[in-house]
Amino acid sequence: MDPSVVGISAPLLQVLNAYPQGNDPTQGDGLNSIGYRFPYTIDRKYDTYVARIDWNVTPSGKHTLFWRGNLQNDREPTPPAFPGQPPQTTTLTNSKGFAVGYTWLITSNLVNNARYGSTRQGLDDAGASNEPIIYFSEVAQPVSTQRSTDVIIPVQNVVDDVSWTKHNHNFAFGGNIRFIDDQRVSNAQSYPDGQMNQGWLTRSSTIANSHGPFDPQVYGYPAADFANYGNEYNDAILNLIGAITEGGCSLQLPEDGRYASRGCSAKARLPMERI
Amino acid sequence: VGAPLKRDYRWNEYEIYAQDTWKALSNLTLTYGLRYSYLQAPAEGLLIRTNSLAVPKSWSPDGRFLIYAQINPGTGADLFALPIVDDPHPLVLAQTTGNEDQGQFSPDGHWVAYTSNESGLSEIYVIPFPLTPNGGKWMVSRGGGVQPRWRRDGKELFYISPDWKMMAVDVSTSPVFRAGTPQALFDTEMADTGIRTGPMSWDIAPDGNRFLITSANSTDTSSLNVILNWRAEQEK
């Protein structure tokens, strides 16, 4: 079965053995894989603070001012990959904003409304993964693979509307200006990864029925059930020997004084790299 | 690996409108008007806005800092390190009445080599990064030097002497910075651009054994051919 004496990867076998015993037979292929369900507790927090002030500057109501403020402080963790692990991601939201307005009754039929608003959307999607990843094929990854993205979007908004009533007409005109700044930081493309993807195998993207290495029928063993379990057989072999058939990375290169993200990938034939 | 990628997009949106709500009949109201919107396309903002020329020089190995040179009144060209990820306020690296330029991060990112003529002659200096109050400053060259570069392992510094020789200096950074005696390696025959302290005119291969030099000597230089519209030729 193993003419090149690749053998089972000891480090990967250690990782595979650390998976908990499955308990959900409705998942998996019924032979090599099975589902696993477990209880967990996640503590979510949603705090929102709202304040408003209204001021009639003149008793007649000719000049009025208002201020509105909103502060949000949310924490939303997601379930862990497996028991005892931290949340796969934790979304922190601290968006905030305020608006002020001034209404001026210039005459009984002419009104001016001026507004200024400033919001700052703040969102931190903090993933638990910050290192290169080798992905197992078609099984749940043993730890979180979620990266982090941090977004801050300040927006300033200036609005003015004039309303003028004359006979049967109500004329309105105005303007709206928005200054938007979208700042984001992410390590989603900061680490290389490797995948055990059977799609990049030589011999028609399969091991089972490939008439090559690890195909049992070549070595006098019963043939794998290619029609019903070909993919499952291939995944199991890839995971055991640690055959990385696809690698990906993203290079950050200075370009014109700024960062540019360049994608790259290596798709190779088995066995490309073994861990 | 691991350096986060930062993007910063800015744009403005402008809208004006005029409309009329006309109560034409007691049971008929018409509203009509015009609205004009100008929505800018999002574009990445400037890293830094300066009142004078600012030129990028070197990235830190982790991608978190960018060294740039900026010309300032009274102090000439000075060197700054701009944090890319966190605080966008630049850090002063070297600022004297002379001109500081060509800042180069060491491979481990803990040192910066640069050119300064604060002594009256352009020399190569090394400072720690980030700067500390008593961090020190070492002159590495002797008798003049420009255009420093580090070897990939950080144990040797190269620079160009006033007579266009490639110079090499052994350096060690632990426990303190030490520099050996500069040794001339070879004549570079470097093209004299007239701006010896401006853009770098040479680089070194990762293995430290080969140099790429902008040379005025075109003898025995192989040509570079560019094929245009090659796909059409291929399809013939």
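A polar contact is a pair of N or O atoms within 3.5 Å; within protein, one atom must be able to donate a hydrogen and the other to accept it, and residues adjacent in sequence count only if both atoms are side-chain atoms. The views show a predicted model, in which local features need pLDDT of at least 70 and side-chain atom pairs count only at pLDDT 80 or more, whereas totals for chains, interfaces and linings use all residues. Residues are numbered from 1 along each chain as its sequence is written, chains are lettered from A and ligands numbered from 1 in the order in which they are written, and side-chain values use heavy atoms, with hydrogens and water left out.

**View 1**
Helices (H or I, at least four residues) and strands (E, at least two) are DSSP runs, numbered from the N terminus. The side chain of B:Thr96 reaches the backbone nitrogen of B:Gly98 at 3.0 Å, and it also makes a polar contact with the side chain of B:Glu100, at 2.4 Å. With contact taken as heavy atoms within 4.5 Å, and leaving aside neighbours within four places in sequence, B:Thr96 is in contact with B:Thr75, B:Asp78, B:Ser116 and B:Glu118.

**View 2. The open sheet β4-β5-β6-β7 of chain B.**
The four strands of this sheet are paired in the antiparallel sense, two strands being counted as a pair if DSSP finds at least two bridges between them. At the edges lie β4 (54-59) and β7 (91-94) of chain B, each of which pairs on one side only. From one strand to the next the twist averages 35°; here axes are lines fitted to C-alpha atoms, for helices over the stretch in contact, and angles run from 0 to 180 degrees between N-to-C directions. Within the sheet, strand β5 (residues 65-72) and strand β6 (residues 76-83) of chain B run antiparallel and are joined by eight bridges, with B:Ile71 standing opposite B:Ala77 in β6(B).

**View 3. B:Phe65 in strand β5 of chain B.**
Apart from neighbours within four places in sequence, B:Phe65 is in contact with a set of residues that includes B:Trp59, B:Leu82, B:Pro83, B:Leu91, B:Phe105 and B:Phe129. A separation of 7.9 Å lies between the C-alpha atoms of B:Phe65 and B:Val85, which are 20 residues apart along the chain.

**View 4. The open sheet β8-β9-β10-β11 of chain B.**
This sheet, too, has four strands with antiparallel pairing, and its edge strands, β8 (100-105) and β11 (138-139) of chain B, each pair on one side only. Two bridges join strand β10 (residues 123-128) of chain B to β11(B), the two strands running antiparallel. In this pairing B:Val126 stands opposite B:Trp138 in β11(B).

**View 5. Antiparallel strands β5, β7 and β8 of chain A.**
Strand β5 (residues 110-127) and strand β7 (residues 149-166) of chain A pair over 16 bridges, and A:Asn113 stands opposite A:Asp161 in β7(A). The pairing of β7(A) with β8(A) likewise comprises 16 bridges, and there A:Val159 stands opposite A:Asn176 in β8(A). The hairpin of β7(A) and β8(A) has two residues between the strands, and in it A:His167 takes a positive phi near 55°.

**View 6. The interface of chain A and chain B.**
Here 30 residues of chain A are in contact with 35 residues of chain B. The buried area, that is, the accessible area (1.4 Å probe) that two parts lose on being put together, summed over both, is about 2900 Å² between these chains, with carbon and sulfur atoms giving 50%. Across the interface there are 14 residue pairs in polar contact, both residues at pLDDT 80 or more. On the side of chain A that touches chain B, β8 (169-186), β11 (246-255) and β12 (258-267) each supply at least two residues, and β8(A) gives the most, with 18 residues. This side has eleven nonpolar, 13 polar and six charged residues, where Ala, Val, Leu, Ile, Met, Phe, Trp, Tyr, Cys and Pro count as nonpolar, Asp, Glu, Lys and Arg as charged, and the others, Gly among them, as polar. Strand β8(A) also pairs with strand β1 (residues 5-25) of chain B in the antiparallel sense over 18 bridges, and A:Asn170 stands opposite B:Thr21 in β1(B).

**View 7. Salt bridges between and within the chains.**
Three salt bridges are counted between chain A and chain B; the side chains of A:Arg178 and B:Glu13 meet in a salt bridge at 2.7 Å, N to O. Within chain A, the side chains of A:Asp24 and A:Arg37 meet in a salt bridge, at 2.7 Å, N to O. This pair links distant parts of the chain, 13 residues apart, with both A:Asp24 and A:Arg37 in the loop between α1 (10-17) and β1 (45-56) of chain A.

Conventions: A salt bridge is a side-chain nitrogen of Lys or Arg within 4 Å of a carboxyl oxygen of Asp or Glu.
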